[in-house]
Amino acid sequence: MVTERTRRPRGLFVGLCTLDVVHLVERVPGSDEKLTALDQTVAAGGPAAGAAAVFAHLGGAATLLTAIGAHPLGVAAAADLTRLGVTVTDLAPDAAGPPAVSSILVTQATGERAVASTNAGAHRLAPPADLDRSVAACDLVELDGHHRELAVAAARAGRAAGRTTLLDGGSWKDGSEELLPFVDVAVCSADFRPPGTRTPADTLRFLRERGVGFAAVSRGGRPLLWAGPDGDGAVEVPRVPVVDTLGAGDVLHGALAHHLALQGGLTTAGFAAALRRSARVASRACASFGTREWMRARPTDQGTPPPQ
């Protein structure tokens, strides 16, 4: 008998992949100043890639549609994801230039991060010919809004196939308005500010008016605010000794995708429960440096174990 504990969910993640170069520092240096880092790590990053890595870590089968290319830095990013169990579909395999690179400074005392990145501006990705088949093979499609044409096509295909579509709203982008009619669930950061909105309540109302059935706004260590067809509420973020907040949103989305894919149908109670479980995982990730160290520990509430 297949149960939530034994079934392996399948997720399709569509969006940005970067190479993250992360340094832990006592403080952010000033102009023309050099500092010796306390620690460093290099890993694949980006919202879709980070969420796919978490989904795979929790026991799901994750496929990432993105642009990486043939540059050695891109090869390193793809290898990191493959090592974590993510199936990478590179839609720009012959691109010779470097991938998007994020340079990140994490302040030791607070876990806050400063980020500089080129994002996805170098690539315009057309949907692959087998997009419908890829969507049909998954339980859930997650989109981070990068690679606009690809994102809209994947969202449309997900809606047509009856798959749950999940938007990671890190910031309002060109094309966000096109995506929303095909989004079932949107979980946004406080920086996601649609036109005419100022508060999380405004954002939740904006999303509901555009047909998004389930939505939430994350606010760092403050409670997540959420709304569904049958109610709304807040989810407390567990307190942990914060070492590094980098990628916390990606962890939240990857864990949420995993829990929603296991649930199958969307309900207000199920959405709230998935948010609570995902917030626990995201908080745990903030207690260690980098985006991979937390994965060494596997508390039982994180998800289903990967198949042996």
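Arg-27 pairs up with Glu-33 in a salt bridge, with 2.5 Å between the closest N and O atoms; the term covers a side-chain nitrogen of Lys or Arg within 4 Å of a carboxyl oxygen of Asp or Glu. The model is a predicted one, where local features need pLDDT of at least 70, side-chain atom pairs count only at pLDDT 80 or more, and totals for chains, interfaces and linings use all residues. Residues are numbered from 1 along each chain as its sequence is written, and side-chain values use heavy atoms, with hydrogens and water left out.

Arg-27 is partly exposed at 43% relative accessibility, and Glu-33 is partly exposed at 31% (buried is under 20% relative accessible area, exposed over 50%, partly exposed in between, with a 1.4 Å probe and protein chains only). The structure holds 10 salt bridges. Another one links Glu-178 and Arg-148, with the closest N and O atoms 2.3 Å apart. Glu-178 sits in helix H5 (residues 176-179) and Arg-148 in helix H4 (residues 148-160), so this pair ties together parts 30 residues apart in sequence. Helices here are DSSP runs of H or I with at least four residues, strands are E runs of at least two, and both are numbered from the N terminus.

Now for helix H2 (residues 72-83): Gly-74, Ala-77, Asp-80 and Leu-81 are buried there. These buried residues fall within an arc of 120° seen down the axis, so they line one face of the helix (the arc is that of directions from the helix axis to the C-beta atoms). Turned away from that side are the exposed Pro-72, Thr-82 and Arg-83. Just past H2, Gly-85 has a positive phi of about 95°.
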